[in-house]
Amino acid sequence: MYNMTFEELSGDYSQERMDSVAKALEEVLTSALPQGCITVGVYEAAKSLNVDPDNVVLCILATDDEDVKDVALQIHFTLIQAFCCENDINILRVNNTRRLAEILGGGGGGKQNGGEPMDLHCVLVTSPHSTSWKDPALSKVNRFCRESRCMDQWVPIINLPER
C-alpha cells in the first residue's frame, strides 16, 4: 500500500481547494453578470469604488504573463488593493484573462458592444440593491479570501482553468 507524505496530501488538497474556489468564482461571475452586478475595467472600478465601496462584494485583479512588466498597471493594482483592504473588500488575483473574457463575454473574445476589447485587469462584483445576495459560491470565495488573509496572503491567486 502506498503511503502519501504530508506534502503530497496537502498539495492534492490545496489543488482540489483551488479548483473548487475557481469553480465558485466562475459561478459568482456568471450569476452576477445578468443581474448587472459586474464592473469591468481599472478606471470604471476605481470610479465605482469611490462612489459606493460598501456595495462591492469582491474585487478581481487579472493579469497575464506580459502584464507583469506593465508598471502603470501594477501601480493601479497597488492603489486598488490598498483601497479594498481599507474598506474590507475581498480581493483575488486571476492569472488567466482569456478565460475571464470567456466567462464575462460569453466567448465573444472579450469585446464590448462597440467592438473595443474589454479591460479585464480589474473586475468588481457588486451586490444587487434589491436583495441581500446570499450566494453559496460567493460565500465560498469570501471564505477562501478570509482564510488566505489569516495565512498572511492578502491577495490570493487563482488559476481559472481552460474549458
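Contact here means heavy atoms within 4.5 Å. Keep that cut-off in mind as you work through this predicted model.

**Exercise 1. Get your bearings: how many helices and strands does the protein have, and in what order do the elements run from the N terminus on?**

Start with the count: there are 5 helices and 5 strands. Now check the burial: of the 163 residues in the protein, 42% are buried. Last, look at the contacts with a separation of 6 or more: residues 24 or more positions apart account for 80% of them.

**Exercise 2. Work out which residues are linked in a network of salt bridges.**

Step one is the total, and the structure holds 3 salt bridges.

Step two, take Arg99 and Glu26. Their side chains meet in a salt bridge, with 2.6 Å from N to O. Arg99 sits in helix α4 and Glu26 in helix α1 (residues 6-32), so this pair ties together parts that are 73 residues apart in sequence. Both residues are buried, and for Arg99 the relative accessible area is 7%.

Step three, stay with Arg99 and look along α4. Arg99 also forms a salt bridge with Glu102, where the closest N and O atoms are 2.9 Å apart. These two are 3 residues apart in helix α4, which means about one helical turn separates them.

Step four, move on from Glu102 to Arg98. This salt bridge has its closest N and O atoms 3.2 Å apart. Glu102 and Arg98 are 4 residues apart in helix α4, so again about one helical turn lies between them.

Step five, check the accessibility. Glu102 is at 26%, so it counts as partly exposed. Arg98 is at 52%, so it counts as exposed.

**Exercise 3. Asn96 and Asp67 both sit in loops. Find what the side chain of Asn96 reaches, and which side chain of opposite charge is nearest to Asp67.**

Asn96 goes first. Its loop runs between β3 (91-94) and α4 (97-105). With a relative accessible area of 10%, Asn96 is buried. Follow its side chain one way and you reach the backbone nitrogen of Arg99 at 3.0 Å. The Asn96 side chain also reaches the backbone oxygen of Leu160 at 3.0 Å. Leaving out residues up to four places away in sequence, Asn96 touches Thr63, Asp64, Asn159, Leu160 and Glu162.

Now Asp67, in the loop between β2 (56-62) and α3 (71-86). Asp67 is buried, yet it has no salt bridge. The nearest side chain of opposite charge is Arg93, at 8.0 Å. A salt bridge needs the nitrogen and oxygen within 4 Å. What does Asp67 touch, then, apart from neighbours within four places in sequence? Its contacts are Ala62, Leu73, Gln74 and His121.

**Exercise 4. What separates the C-alpha atoms of Val28 and Leu138?**

Locate Val28 in helix α1. Its relative accessible area is 0%, so Val28 is buried. Leu138 is among the buried residues of α5. Along the chain, Val28 and Leu138 are 110 residues apart, while their C-alpha atoms are separated by 5.8 Å.

Notes. Residues are numbered from 1 along each chain as its sequence is written. This is a predicted model: local features need pLDDT of at least 70, side-chain atom pairs count only at pLDDT 80 or more; totals for chains, interfaces and linings use all residues. Side-chain values use heavy atoms; hydrogens and water are left out. Buried means under 20% relative accessible area, exposed over 50%, partly exposed in between (1.4 Å probe, protein chains only). A polar contact is a pair of N or O atoms within 3.5 Å; within protein, one must be able to donate a hydrogen and the other to accept it, and residues adjacent in sequence count only if both atoms are side-chain atoms. Lys and Arg count as positive and Asp and Glu as negative; His and the chain ends are not counted.
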